[in-house]
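Hi,

Here's the structure I promised to pass on.

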Amino acid sequence: MVERQKILQDSFGRIHDYLRISLIERCNLRCFYCMPEEGVSLRPRSEFMRNEEVLELAEQFVGLGVKKIRLTGGEPLIRKGVEDIIEGLAKLPVELTLTTNAVRVNEYVHVFKDADIKQLNVSLDSLDRERFRSITRRDYFDQVMNNIELLLMEGFKVKVNAVLMRGENEDEILDFVRWTEQTDIHIRFIEFMPFDGNKWNWEKKVSFQEILDKVTGAYGADGVVQLPTEKNATARNFRLLNGKGSFGVISTLTNPFCDSCNRIRLTADGKIKNCLFSNQEVDLLGPLRSGQSVEPLILEAIEKKKHARAGIEDFSKYAGHKNRPMITIGG
Ligand code: SAM
Ligand code: SF4
């Protein structure tokens, strides 16, 4: 009898074929919505996956049907040996990509090309130098803008992630959208989400409708074209009539995309998170190091996934749900 191929299907029938691997809990920026003001405590290196362990676990996931891998962090490009990890993952039959703050992208363009990476997500929450500095607590605005330009010039597809926060940057929605008029870039407005130590509250979110109203107010309803929704998409996407680029809205809190979720997260210390908001983690690194098979642990973690947002029904009443700070999860 032929053994049925194991796949990462949860109890709601969702197939998980997209793995996000966090490579590091540290960062060269200090975005206040991600990194707690007091920082995160440094832990011994032995608690984190070594390069070869990242590759070994990734291979196990690919054996279970994973088709896309995203490297994230913290900032993946400050991890020592990240080029070896990228080179190793590029040998697997997966679409490989990464999410970065772009500060060090210029040092890695050749590595991306060798690995056949075609698309990158870059985080940028303001087009204003001073505001960038106040959000990230660092002065790298010019470097990030230059590196986005470099990626575009080198032929990469770039998605810009902008976390919208009332009172911080919601007045820049139209500036970001204007960028897509002449540039083939995709802007994704992301709803501000709660994590430990990030001073979130419900009033700071900027809703999908508010963003769309602002854009149609400026360009007219006929000036904005809705794009078809992709499979497993997290964003609703649009473009300006005659615009070269596009923009989208990811509204995890007010309009979640859990029904079609295909994502699994592996933290830098080797734990599976079956949902961004879940605090029920499954350790793979310990068992891997002690020679145990991790496959049953992976299957069990997916089997236990809740239907939506780790069971948190109503974020307007969200209080005291214990989770890691985002920087230690990997967005
Ligand atoms: N350092 C890389 C970067 O900034 O792109 C990768 C890691 S970062 C944690 C991944 C993504 O998570 C970024 O796009 C960031 O904007 C997003 N993120 C972090 N904290 C968030 C929050 N509280 N709400 C929404 N998105 C958040
Ligand atoms: Fe660093 Fe990215 Fe978090 Fe900003 S969002 S602190 S760049 S990990």
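Strands here are DSSP runs of E with at least two residues, numbered from the N terminus. With that in hand, β3 (95-100), β5 (157-164) and β6 (186-191) each supply at least two residues of the shell around ligand 1.

Some housekeeping: this is a predicted model, so local features need pLDDT of at least 70 and side-chain atom pairs count only at pLDDT 80 or more, while totals for chains, interfaces and linings use all residues. Residues are numbered from 1 along each chain as its sequence is written, chains are lettered from A and ligands numbered from 1 in the order in which they are written, and side-chain values use heavy atoms, with hydrogens and water left out.

Now the site. Ligand 1 is surrounded by 20 residues (a heavy atom within 4 Å), and Y33, G74, S123, N161 and M193 are the closest. Looking at polar contacts (N or O pairs within 3.5 Å), the side chain of S123 puts an N or O atom 2.5 Å from a ligand 1 oxygen. For the side chain of N161, the distance to an oxygen atom of ligand 1 is 3.0 Å. G74 uses a backbone N or O atom, 3.0 Å from a nitrogen atom of the ligand. On its own, ligand 1 has 550 Å² of accessible area (Shrake-Rupley, 1.4 Å probe), and the protein covers 96% of that.

What about disulfides (cysteine sulfur pairs within 2.5 Å)? The count is 0. The sulfur of C258 has its closest cysteine sulfur in C275, at 6.4 Å, which is too far for a bond.

Cheers

How values were computed. A polar contact is a pair of N or O atoms within 3.5 Å; within protein, one must be able to donate a hydrogen and the other to accept it, and residues adjacent in sequence count only if both atoms are side-chain atoms. Helices (H or I, at least four residues) and strands (E, at least two) are DSSP runs, numbered from the N terminus. A disulfide is a pair of cysteine sulfur atoms within 2.5 Å.
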